[in-house]
Amino acid sequence: MLLKLILWTSFLVISQQTISVSAKQRKNVVCYHGTWSTYRQGAGKFDVETHIDPFLCTHLMYAFFGIEESGDLRIIDPYLDLEDNYGRGNVRKFNALKLKNPTLKTLAAVGGWNEGSKKFSIVAADAAKREKFVTSVVQFLQKYGFDGIDLDWEYPGQRHKLENKDRENYLQLLKELKEGLEPFGYLLTAAVGSIKASAEISYDIPEMMKYLDFVNVMAYDLHGPWDPVVGINAPLYPGPRDTTELAKQLNVDAIVKYWLSQGAAPEKLILGVPFYGRSFTLENPNNHQVGDAHIGRGMAGKYSVEPGVVGYNEFCEKLQNEKSLWNLEWEADQKVPYAYNDRQWIGYENEKSLALKAYYVVKENLGGIMVWSIESDDFRGVCSKKPYPLLTVINNILNGGVYRPLNTETLTANKPANGEIAKKPESNDVVYVAGKKPNTNVVAAANSGTSQCQGKVGYIRDAQDCGKFYYCDNVIAHSFQCPPSLYFDLNSLNCNYSSMVEC
């Protein structure tokens, strides 16, 4: 038993190192899960065990935990998160997803908009409280099995009236967190405000990059009911009416260029995209272009029930029943869709706009895409042939696919340069792009009979079953099985759609 324990411990250490190396070679897909969605009604109810596909994300963020002014990490919803006192044990179920996909990383997201900024400021300004927070975080990660922490302080130097030096204190907090987490191999990431006007208040970008494994840039909520006119939540490029200095900042391209110009490492920069839209009530139903006047927030999603916010799943279900009532438009300059029905107006994302953002990430050689949040995708497949159409498009393009509905000019400008279209999978939306060859040495090892490993260390695929794979620790093979219809991808070392894998 002791020998088995030692061998298994060695496997875990080697496995973590191997996965860490692999993660640097592929794009990240960082998925936030808003845990309150489990309380939604009907088809909006989201269950961790049932509805999260652990093979569509490289990192899963559990949102949110809080922070006390004392420096302690705070569990916001003990009944949902823990198993004490007959709780639902969501944290355990969330981290158990790694048993299905051993390459998945899970992180505890601390903060969020509702947690505010004041308590972070108080803790970051006090050395003893910083130390207590670091200790609390490490103990929490050890106890519950997360792989790291995502610091979501919204935002240093903003949303409070304290006279603390948040910009400097934020760096000190990151430094001490990194020092506390690094001995255990835990990840440290951050969700950050995106546009120049906000980021230059909160962040010393080159310095913060030293301590963070990657940075999730929240490039959304760029327009909303706080504006006097209707606008798109996350436009890729500026529109014709964006003439002021501030207006020119409010798009993905400007945000990415700003962060890169300030010293952000491209491979650590994760582009945040929304799976929800912002709705408005038009002042005049006849004036329904981007930039026309509104009188306030628009309709709410039937599951999220927040006026002015509509999840992709909520809007696509609405279109199933009310398609004849809605006018669906495409904003050609900003590369995003919008829709209107009488006085109701919504700027949102769909597969096409997210495909273009994924191409942008590839073109700029960024670290990947972050999504807020997975429960707003069509996770049940109510509107699509398969669940998670948005996440699927993102994964396919980041792994070399092409989104077919885009016009020829767009495809030519954004098409990955690693090969020609080789074959068409079952979906009409994405085709496989050839050019990435499997590791022939690994394939040979997998073809070597019953002795799968033969002194190898790392992942290999079974010679007879492309959905089966092994982690080799010299002569010991630890066996894993991908879910039905998925194959083990030797390029990404992850389970992937069979149409995207050479087998």
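N365 lies in the loop between α12 (351-363) and β15. Helices (H or I, at least four residues) and strands (E, at least two) are DSSP runs, numbered from the N terminus. The phi of N365 is near 55°, a positive value in a residue other than glycine. The model is predicted: local features need pLDDT of at least 70, side-chain atom pairs count only at pLDDT 80 or more, and totals for chains, interfaces and linings use all residues. Residues are numbered from 1 along each chain as its sequence is written, and side-chain values use heavy atoms, with hydrogens and water left out.

Most residues other than glycine have a negative phi, and most peptide bonds are trans. Against that background, several backbone sites stand out. D221 is not a glycine, yet its phi is positive, at about 55°. D221 sits in the loop between β7 (214-217) and α10 (252-261). Its relative accessibility is 30%, so D221 counts as partly exposed. Buried here means under 20% relative accessible area, exposed over 50%, and partly exposed in between (1.4 Å probe, protein chains only).

Cis peptide bonds were also found. One joins E154 and Y155, with omega at about -5°. Y155 belongs to the loop between β5 (148-152) and α7 (166-181). Another cis bond runs from W372 to S373, and its omega is near -5°. S373 is placed in the loop between β15 (368-372) and α13.

Helix α13 (residues 389-398) is largely enclosed by the rest of the structure, because ten of its ten residues are buried. The buried residues are P389, L390, L391, T392, V393, I394, N395, N396, I397 and L398. Just after α13, G400 adopts a positive phi of about 100°.

Strand β9 (residues 276-282) is mostly covered as well, with seven of its seven residues buried. Y276, R278, F280 and L282 point one way from β9. G277, S279 and T281 point the other way. Residues on both sides are buried.

Pairing of β9 was then examined. Two strands pair if DSSP finds at least two bridges between them. Strand β11 (residues 309-311) runs antiparallel to β9 and is joined to it by three bridges. Here Y276 has G311 of β11 as its bridge partner. Strand β14 (residues 344-347) is also antiparallel to β9, with four bridges between them. In this pair, T281 is partnered by Q344 of β14. Three bridges link β9 to strand β10 (residues 294-297), again in antiparallel orientation. L282 stands opposite H294 in β10.

P102 lies in the loop between α4 (90-95) and β4 (105-111). At 18% relative accessibility, P102 counts as buried. P102 and F480 are 378 residues apart in sequence. In space, their C-alpha atoms are 8.5 Å apart.

A nonpolar patch on the surface is formed by W36, Y39 and Y79. Together these residues have about 330 Å² of accessible area. Areas come from the Shrake-Rupley method with a 1.4 Å probe; for residues, only the protein chains shown count as cover. Patches are made of residues with over 30% relative accessible area and no salt bridge; like charges are joined within 9 Å, and nonpolar side chains (Val, Leu, Ile, Met, Phe, Trp, Tyr) within 5 Å. A salt bridge is a side-chain nitrogen of Lys or Arg within 4 Å of a carboxyl oxygen of Asp or Glu. Y79 is found in helix α3 (residues 78-81). With a relative accessible area of 45%, Y79 is partly exposed.
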